[in-house]
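Q: I'm new to this one and would like to learn how to read it. Could you walk me through it, feature by feature?

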Amino acid sequence: MLTAFLLHSVSLVVCGVRTGIFPVNNLHETLSVTAWALAAVFLVFSWRFKLKILGIYAAPLITLTMIAAHQMPQPAAHDPQLFKSWWLAAHIITAFLGNAALALAGGLGLLYLLQENAIKKKTRGFFFSRLPSLDLLDVVGYACIVTGFSMITVGLITGVIYAKTVWGHFWSWDPKEVWAAITWLFYAALLHERLTVGWRGRRAALMAIVGFGVMLFTFLGVNFLLKGHHGVFTAM
């Protein structure tokens with residue numbers, strides 16, 4: 001995974017240098033950067049918490065994302081000037097890494113529920129016996145959400161600044177902007193409830209999975225189902 005991540009990083013840098021713009025000007029490149037962000041976050045959390053078993057969720061997700069990227073055509077950018085901005089680069093990097101962390105939180109929530117169910121039924125076999133404790137899954141899931149929430153917060157801030165430089169206004173009620181705000185509010189509420197009410201364990205795992213669904217719709221669903229500025233980044 002580390003070797004592939006390093007090679008992928010070199011590939012993205014070469015692509016950016018060759019075209020002179022940040023490599024997210026179509027769906028092929030957007031999915032490629034998504035896979036890169038997932039690998040980056042997985043490697044950090046796997047190293048930090050010694051949780052290599054998370055790879056059973058992360059590796060297939062990254063692989064499927066890269067397969068999807070490979071199948072997509074690569075049309076040229078509609079307006080290359082849209083992509084020549086350091087604010088865009090900051091927005092993309094922070095938002096993608098934040099979304100990747102939230103995606104891993106959803107995966108950890110799923111592993112938590114599977115492990116809890118196996119413990120209750122006393123059917124811990126080859127796979128479940130290798131999962132970490134429920135406490136560790138809960139702690140790492142919380143760390144992923146805190147990291148993801150912090151990153152998407154920075155992503156929103158840099159995004160509105162970029163919107164001002166390109167479209168002349170900070171906020172335009174674009175569907176992507178609205179759903180990004182909804183996603184931010186969802187995770188803000190989740191963190192608030194954990195800190196004040198003590199949401200942990202099964203409830204936190206379920207909410208992490210629901211949050212992943214909300215984030216996924218914001219990240220890709222909005223671009224396909226609703227019209228807005230961000231459609232240029234997922235052109236097919």
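A: Let's start with the overall build, then go on to the inside, the salt bridges and the surface.

Q: Before that, what kind of model is this, and how are the residues numbered?

A: This is a predicted model: local features need pLDDT of at least 70, side-chain atom pairs count only at pLDDT 80 or more, and totals for chains, interfaces and linings use all residues. Residues are numbered from 1 along each chain as its sequence is written, and side-chain values use heavy atoms, with hydrogens and water left out.

Q: How many helices and strands does the protein have?

A: Helices (H or I, at least four residues) and strands (E, at least two) are DSSP runs, numbered from the N terminus. Here you get seven helices and zero strands, so reading from the N terminus the order is α-α-α-α-α-α-α.

Q: Is H2 mostly covered or uncovered?

A: For that we need "buried": under 20% relative accessible area, with exposed over 50% and partly exposed in between (1.4 Å probe, protein chains only). H2 is mostly covered, since 19 of its 23 residues are buried. For the protein, 48% of the 236 residues count as buried.

Q: What share of the contacts joins residues at least 24 apart?

A: A contact means heavy atoms within 4.5 Å. Among contacts between residues at least 6 apart in sequence, 81% join residues at least 24 apart.

A: Ala101 makes a handy example. Ala101 sits in helix H4 and is buried, at 0% relative accessible area. Leaving aside neighbours within four places in sequence, Ala101 is in contact with Val41, Cys144, Thr147 and Gly148. Ala101 and Ala40 are 61 residues apart in sequence, yet their C-alpha atoms are 9.4 Å apart in space.

Q: Which residues touch the most other members of the largest nonpolar core?

A: A nonpolar core is a set of buried Ala, Val, Leu, Ile, Met, Phe, Trp, Tyr and Cys residues joined through side-chain atoms within 4.5 Å. The largest one has 55 residues, and Leu54 and Leu104 touch the most other members. Helix H1 (2-19), H2, helix H3 (55-71), H4, H5, H6 and H7 each give two or more residues to this core. H4 supplies the largest share, 15 residues. As for Leu54, its contacts are Phe42, Leu104, Leu108 and Leu111, not counting residues up to four places away in sequence.

Q: How many salt bridges are there?

A: Side chains of opposite charge can pair when their charged atoms come close. The rule used here asks for a side-chain nitrogen of Lys or Arg within 4 Å of a carboxyl oxygen of Asp or Glu. By this rule the count is three salt bridges.

A: Take Glu116 and Arg202, whose closest N and O atoms are 2.8 Å apart. Glu116 lies in helix H4 (residues 86-121) and Arg202 in helix H7 (residues 201-225), so this pair ties together parts 86 residues apart in sequence. Glu116 is buried at 11% relative accessible area, while Arg202 is partly exposed at 42%.

Q: Which residues are linked in a network of salt bridges?

A: That network links Asp138, Arg194 and Arg200. Arg194 pairs with Asp138, the closest N and O atoms being 2.8 Å apart. Arg194 is in helix H6 (residues 175-196) and Asp138 in helix H5 (residues 134-167), so the pair ties together parts 56 residues apart in sequence. Asp138 also forms a salt bridge with Arg200, at 4.0 Å between the closest N and O atoms. Arg200 is in the loop between H6 and H7, 62 residues from Asp138. Arg194 counts as buried at 8% relative accessibility, and Asp138 is buried too, at 11%.

Q: What is the accessible surface of the protein?

A: Accessible areas come from the Shrake-Rupley method with a 1.4 Å probe; for residues, only the protein chains shown count as cover. The total is about 12,100 Å², of which 71% belongs to carbon and sulfur atoms.
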